[in-house]
Amino acid sequence: MRKVPFTGLCCVLLSFCLVSCGKNTSTMAIQMDLVDSFFKAKEDVVSVLNLKDSNLKSTKDLLEEYSTSVLWCGNNLSTAIFFYDGEPVTLSATAELSKSEECVQKINDELTLFEAQFETKSIDVVGESENSGKTVDYNRDIISEELERIMTSFGLVRFKFTVPYKDNSKVLVEYTCRRIPDNPEVVTIEYSIRNYFPIQK
């Protein structure tokens with residue numbers, strides 16, 4: 001029986017670990033129990049995010065704003081959560097990327113996470129595009145065209161992932177890429193969960 005040298009065996013094991021770690025199949029766009037809690041009441045979101053009084057940033061009439069950290073596509077981002085009259089309305093975070101090929105690759109990688117998690121998808125476009133002002137079908141050709149447009153001109157493209165619920169309620173999980181003339185070397189990414197129809201108590 002042929003013996004494998006110890007150093008060679010270590011190299012094989014190390015290579016296996018690097019490949020396995022690089023794939024990180026456990027990463028999700030956003031934790032699903034947080035999305036599901038948006039169909040419920042404030043207490044459910046508070047429980048999922050472990051919000052405390054110290055997370056409360058402002059109150060105005062029936063609107064409350066909290067701030068905490070949330071994992072979006074595996075990245076821990078400062079996130080704002082708004083409640084209106086005891087119901088979750090919006091949760092959102094932003095990140096800035098330098099305009100580059102690496103930026104496009106990161107966007108595509110993160111979109112892959114959303115695609116794997118949500119079935120119902122569409123695209124909204126604003127800017128210099130034949131699709132501007134429209135909601136269009138979600139497909140990779142349009143994604144490539146619109147990301148190229150964002151890198152060469154200005155505007156935004158919003159990828160919408162819809163989670164339906166009973167009584168015509170729905171939650172929109174959105175991923176928006178925006179580039180503006182005032183900051184041309186930066187692409188701003190916005191991650192959000194929105195309660196599309198407020199839940200009736």
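The following legends describe close-up views of a predicted model.

**Figure 1. Overall architecture of the predicted protein.** The protein contains five helices and nine strands (DSSP runs, H or I of at least four residues for helices and E of at least two for strands, numbered from the N terminus). Along the sequence, these elements follow the pattern α-α-α-β-β-β-β-α-β-β-α-β-β-β. Of the 201 residues, 40% count as buried (under 20% relative accessible area, with exposed meaning over 50% and partly exposed in between; 1.4 Å probe, protein chains only). Among contacts (heavy atoms within 4.5 Å) with a separation of 6 or more, 53% come from residues 24 or more positions apart.

**Figure 2. Confidence along the chain.** The mean pLDDT (the predictor's confidence in each residue, from 0 to 100) of the protein is 85, and 85% of its residues reach 70 or more.

**Figure 3. Packing of helix 4 against helix 5.** Helix 4 (residues 101-117) and helix 5 (residues 140-152) pack at an angle of about 145°, with their axes 11 Å apart (axes are lines fitted to C-alpha atoms over the stretch in contact, and angles run from 0 to 180 degrees between N-to-C directions). Helix 4 contributes C103, V104, I107, N108, L111, T112 and E115 to the contact, and helix 5 contributes R140, I143, L147 and M151. Seven of these contact residues are nonpolar, two polar and two charged (Ala, Val, Leu, Ile, Met, Phe, Trp, Tyr, Cys and Pro count as nonpolar, Asp, Glu, Lys and Arg as charged, and the others, Gly among them, as polar).

Figure 4. Leaving aside residues up to four places away in sequence, F159 touches L111, S122, I123, Y138, I143, V173, E174, Y175 and C177.

Figure 5. S54 lies in the loop between helix 3 (42-49) and strand 1 (56-60). S54 is exposed, with a relative accessible area of 58%. S54 and T68 are 14 residues apart in sequence and 9.7 Å apart in space, C-alpha to C-alpha.

**Notes.** Residues are numbered from 1 along each chain as its sequence is written, and side-chain values use heavy atoms, without hydrogens and water. In this predicted model, local features need pLDDT of at least 70 and side-chain atom pairs count only at pLDDT 80 or more, whereas totals for chains, interfaces and linings use all residues.
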